Amino acid sequence: MSLPDPLASRAVIVGTSKYLSMQDLPAVEENIKEFGKLLQSDDLWGLPASNCTVVSNPQINTDMLDPLHHAAKEARDTLIFYFAGHGLIHSTGNSLYLTLVGSTDAMYRSVSYEYVRTELRESRARRKIVILDCCYSGLAFGSMSGVDQPTEQLANSAALRGTYLMAAARDNETADAESDGLYTAFSGELINLIQNGIPGQPDLLDVDAIFTHAREALRDKGRPIPQKREEDFSGKIILFKNRAKEEIDKEHYGLVSDVEPGKIFLNRHALHEAKVHRPLQAGICGTAARGGAESIVVSGGYEDDEDYGDTIIYTGHGGRDPNTGKQVKDQSPTDPGNAALIKSVMTGLPVRVVRGSGGNKNFSPEFGYSYDGLFAVTEYWTKNQPGHHMVMQFRLEKIIDLDRLLTKQQMSQRQNYGRWEFVAGGLYSDRRLAAEIKNIYGHACQICGIVLEVPGGLKFASTVHIRSLELPHSGPDVKENMLCLCSNHRDLFKYGAITIEDDLKVVDQTDGEVISDLVSKHSISLEYIRYHREHHMAGQQQLLENLD
């Protein structure tokens, strides 16, 4: 995927901030100035100034429609139309009207959106984006809304096949600006995301990612929720470079320095800044490829969630209508968030749990979000009730006082303690080494070659230390002392039912027969192989003698 060709793309940015008969909207003027700058910024997209028309305070229909007509004829790649100002709905129907400086309750003094729709429909541009930061005047002029016109009606009335439409309508509210006084609420969120980028997102941002993060930010602030309409995968239109591109730590599991369980965060931005939960919109952070979920947010978004305090039954991601919140299709184990949680079951990496105020009142904060410590994902299953869509569910169990179990030396070695896996009293193994060994063998057992796989295509295997880490063996936690095995051969090797010769022949100690050759793709120390063989062969001989 790549950015649209700026030479073959066009944008028309329209804003009406001054009115003769309606309340002025000074923030709209700042909206259109900044949108024009962002579109033309070389480190975001680089639309030539000649291809970006900014119309401030149109007096007559042609002030708005002529630039759109020319842009629609010239655009071959992407066509963008943005309008901010008052919006009106005709009393006899659902037709949307965009206001001019002299607009009143006489609809002929405004611009029918049908004219805009016609220009968009006739354009040969491959991709079209419409952003409408307006709502209805309705009952009272001087506000940007009407109490008896729902937001969704605007989206439906303005929708056009093959076009991604964002509609920010507010019900019975005045036109709010952000705290800095510059922009209207919806445009302010869009501008902030484009200016600063979206952490955790790819290098290039598509239009749907920008919209969904803006919607979540408005939801967090208690503002009415904007709507979108898209067809023909128009939400995947790449629009801007991501200024928040960052090198994400390969180890971001476990505890976060200076953040204690119970700490309250006002919003998602605060969680992100503290590195407790990095995404600004998604409820699951992390990927299967990197080892599993880093953190989750439990906020009552799914009716199947169950919160018992130290145990959480968490519903996976996907299948919900973004506007209604209702489940409209089955969830899939291949969804990135669900795949990450499944991988967490296999790796055992701890997951940070954040509770939102919309969750179980017995354990959730009264406002904002609370960080509630580390949990282990212990099990997953599917839930498919008659008449309902299938959802995936995960059991999370609280890990008690993990930080107190770690030695001071281990804590000083790494700021991020999630890499350590508890083995026995005072002993921890490095999860990264285990992951490296598994990747070398593609999760295939070095003895039988079997790859264990679960729905969704995730593979899992076990690692075992040839010379055990526990006393009295005190083996080292190094790759030369490790094997990648299936769960069956792991247990057989651990208890000495199989041993390995110096030539890497695998021997069944119950009958002395060679069962296979050990596959070796990494350096394996014969010292540890001999140690294991000597200790366990002696034990087997003693056991057989006693049985005789």
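Biologist: What makes you say that both faces of E7 are covered?

Modeller: In this predicted model, Arg127, Ile129, Ile131 and Asp133 lie on one side of E7 and Lys128, Val130 and Leu132 on the other, and all of them are buried. In a regular strand the side chains alternate between the two faces of the sheet.

Biologist: Why is E7 called largely enclosed by the rest of the structure?

Modeller: A residue counts as buried when its relative accessible area is under 20%, and 7 of the 7 residues of E7 are buried, so the strand is largely enclosed.

Biologist: What makes a group of residues the largest nonpolar core here, and which of its members touch the most others?

Modeller: Such a core is a set of buried residues of listed nonpolar types, joined through side-chain atoms within 4.5 Å, and the largest set has 43 residues, in which Ile13, Leu39, Met166, Phe186, Leu190 and Phe240 touch the most other members. Among the elements that give two or more residues to this core are strand E1 (10-15), helix H1 (26-40), strand E7 (127-133) and helix H5 (185-196). The largest share, 6 residues, comes from H5. A second, separate core has 25 residues, including Val55, Leu79, Leu98 and Val130. In soluble globular proteins, nonpolar side chains tend to be buried together.

Biologist: Which residues is phenylalanine 240 in contact with, leaving aside its neighbours within four places in sequence?

Modeller: With heavy atoms within 4.5 Å as the criterion, phenylalanine 240 is in contact with Leu3, Leu38, Leu39, Leu44, Trp45, Ile194, Asp203, Leu204, Leu205 and Ile210.

Biologist: Why is cysteine 445 said to be in no disulfide?

Modeller: A disulfide needs two cysteine sulfur atoms within 2.5 Å, whereas the nearest cysteine sulfur to that of cysteine 445 belongs to cysteine 448 and is 3.7 Å away, so cysteine 445 is in no disulfide. By this rule the count comes to 0 disulfides.

Biologist: Are cysteine 445 and cysteine 52 buried or exposed?

Modeller: Cysteine 445 has a relative accessible area of 3% and cysteine 52 has one of 8%; both values are under 20%, and therefore both residues are called buried.

Biologist: What makes strand E26 (498-500) and strand E28 (513-517) edge strands?

Modeller: Each of these strands pairs on one side only, in an open sheet of 3 strands with the order E26-E27-E28 and antiparallel pairing. The twist averages 30° from one strand to the next.

Biologist: How many helices and strands does the chain have, and what share of its residues is buried?

Modeller: The chain has 13 helices and 28 strands, and 53% of its 548 residues are buried. Its accessible surface comes to about 25,100 Å², with 49% belonging to carbon and sulfur atoms.

Note on methods. Residues numbered from 1 in each chain as written. Predicted model: local features only at pLDDT ≥ 70, side-chain atom pairs only at ≥ 80, totals over all residues. Heavy atoms only, no water. Buried < 20%, exposed > 50% of the residue type's maximum accessible area, 1.4 Å probe, protein only. Helix = DSSP H or I, 4+ residues; strand = E, 2+ residues; numbered from the N terminus. Pairing = 2+ DSSP bridges. Axes fitted to C-alpha atoms, helices over the stretch in contact; angles between N-to-C directions. Areas by Shrake-Rupley, 256 points an atom, 1.4 Å probe, with all protein chains shown as cover.
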